[in-house]
Amino acid sequence: MKILEVKNLRKTFARTEVLKGIDFTLEKGTALSIIGSSGSGKTTLLRCLNFLETPDEGAITVNGETLLDCSDPSTLNEKQIRQKRLHFGLVFQSFNLFPQYTAIQNIVLAPRLLAKENHTWDKIKNDVYEEAVEIFRNIGLYDRMENYPHQLSGGQQQRVAIARALIMHPDILCFDEPTSALDPELTGEVLKVIRKLSEQKTTMIIVTHEMEFARDVSDHVIFMDNGVICEQGDPHEVFSNPKEERTKQFLGKYIG
């Protein structure tokens, strides 16, 4: 079942065209990895999907609902965009945790604020905290719930950031280089959580430089270069037998 459809997404900053007509679809319960050199447009694509940037052209459809159509100004309303962001969860390169809150307070903050807007927090408060505790168990941080970010390692902070995204129940969970700010020693614990989510059929888009991980955990891989999708397909096929010369050059740095 198709959960996401992206059509002709284009984005220009100043005079630099960063996205040059991106088209792809994503099936529910699958993991898509996006690879490519720095500056290829990967992060801008994620930011457009999460409505942190507004594309100049194109359309984004989730579960058959057109969330954004740049040719239709009615889909660009700021209040609507706040709601549309809830379809996506984004885990950033840097953890972006609030230092004044404990780990569990960081996790429940977004659902608490949303529920208070709807005047439902008192009704759902206990359920939210119970779910947060269960998520902590699943990510192996049950004994760290009451710790503040400065008391956690980088890998632990990134796992808390993943939990913060999960508790909002997004249709699609997005990762923007989730291990780039980590020492190699801490990378494995974050990748282990993402691998577990993949096994649980969580729908994900993962921008990563971890080539072996992208090959093994993904159902589909996209290679971006200079603002376009240069090649895409089954990860093992793309990594073992890339068809495009630019893909061969890029992967050669990692394989050779």
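Predicted model: local features only at pLDDT ≥ 70, side-chain atom pairs only at ≥ 80, totals over all residues.
Colleague: Thanks! At what angle do helix 3 and helix 4 pack?

Modeller: The angle is about 150°, and the axes are 10 Å apart. Axes are lines fitted to C-alpha atoms, for helices over the stretch in contact, and angles run from 0 to 180 degrees between N-to-C directions. Helix 3 and helix 4 are therefore roughly antiparallel (over 145 degrees; under 35 is roughly parallel, 65 to 115 roughly perpendicular, and the rest oblique).

Colleague: Which residues of helix 3 and helix 4 meet?

Modeller: From helix 3 they include Ile 104, Ile 107 and Pro 111, and from helix 4 they include Trp 121, Val 128 and Phe 136. Contact means heavy atoms within 4.5 Å. By class, this contact of helix 3 with helix 4 has 13 nonpolar, no polar and two charged residues. Nonpolar covers Ala, Val, Leu, Ile, Met, Phe, Trp, Tyr, Cys and Pro; charged covers Asp, Glu, Lys and Arg; the others, Gly among them, are polar.

Colleague: New topic: how many residues does the largest nonpolar core have?

Modeller: That core has 39 residues, and Phe 136, Ile 162, Phe 175 and Ile 194 have the most contacts inside it. A nonpolar core is a set of buried Ala, Val, Leu, Ile, Met, Phe, Trp, Tyr and Cys residues joined through side-chain atoms within 4.5 Å. Buried means under 20% relative accessible area, exposed over 50%, and partly exposed in between, using a 1.4 Å probe and protein chains only. Among the elements giving two or more residues to this core are helix 3, helix 4, strand 7 (172-176) and helix 7 (211-217).

Colleague: And what does Phe 175 touch?

Modeller: Not counting residues up to four places away in sequence, the partners of Phe 175 include Leu 46, Val 91, Ile 162 and Ile 194. There is also a second, separate core of 29 residues, with Ile 22 and Leu 26 among them.

Colleague: Back to helices. How do the axes of helix 3 and helix 5 cross?

Modeller: They cross at roughly 25° and come within 8 Å. That makes helix 3 roughly parallel to helix 5. Ala 103, Asn 106 and Ile 107 in helix 3 meet Val 160, Ala 163 and Arg 164 in helix 5.

Colleague: Is Ala 163 buried or exposed?

Modeller: Ala 163 has 0% relative accessibility, so it counts as buried. Leaving out residues up to four places away in sequence, Ala 163 touches Ile 107, Ile 135 and Ile 139. Ala 163 and Ile 135 are 28 residues apart in sequence, yet 6.4 Å apart in space, C-alpha to C-alpha.

Colleague: Last one: where does Asn 147 lie?

Modeller: Asn 147 sits in the loop between helix 4 and helix 5. Asn 147 counts as buried because its relative accessibility is 15%. Apart from neighbours within four places in sequence, Asn 147 is in contact with Thr 102, Ala 103 and Leu 152.

Key
Residues numbered from 1 in each chain as written. Heavy atoms only, no water. Helix = DSSP H or I, 4+ residues; strand = E, 2+ residues; numbered from the N terminus.
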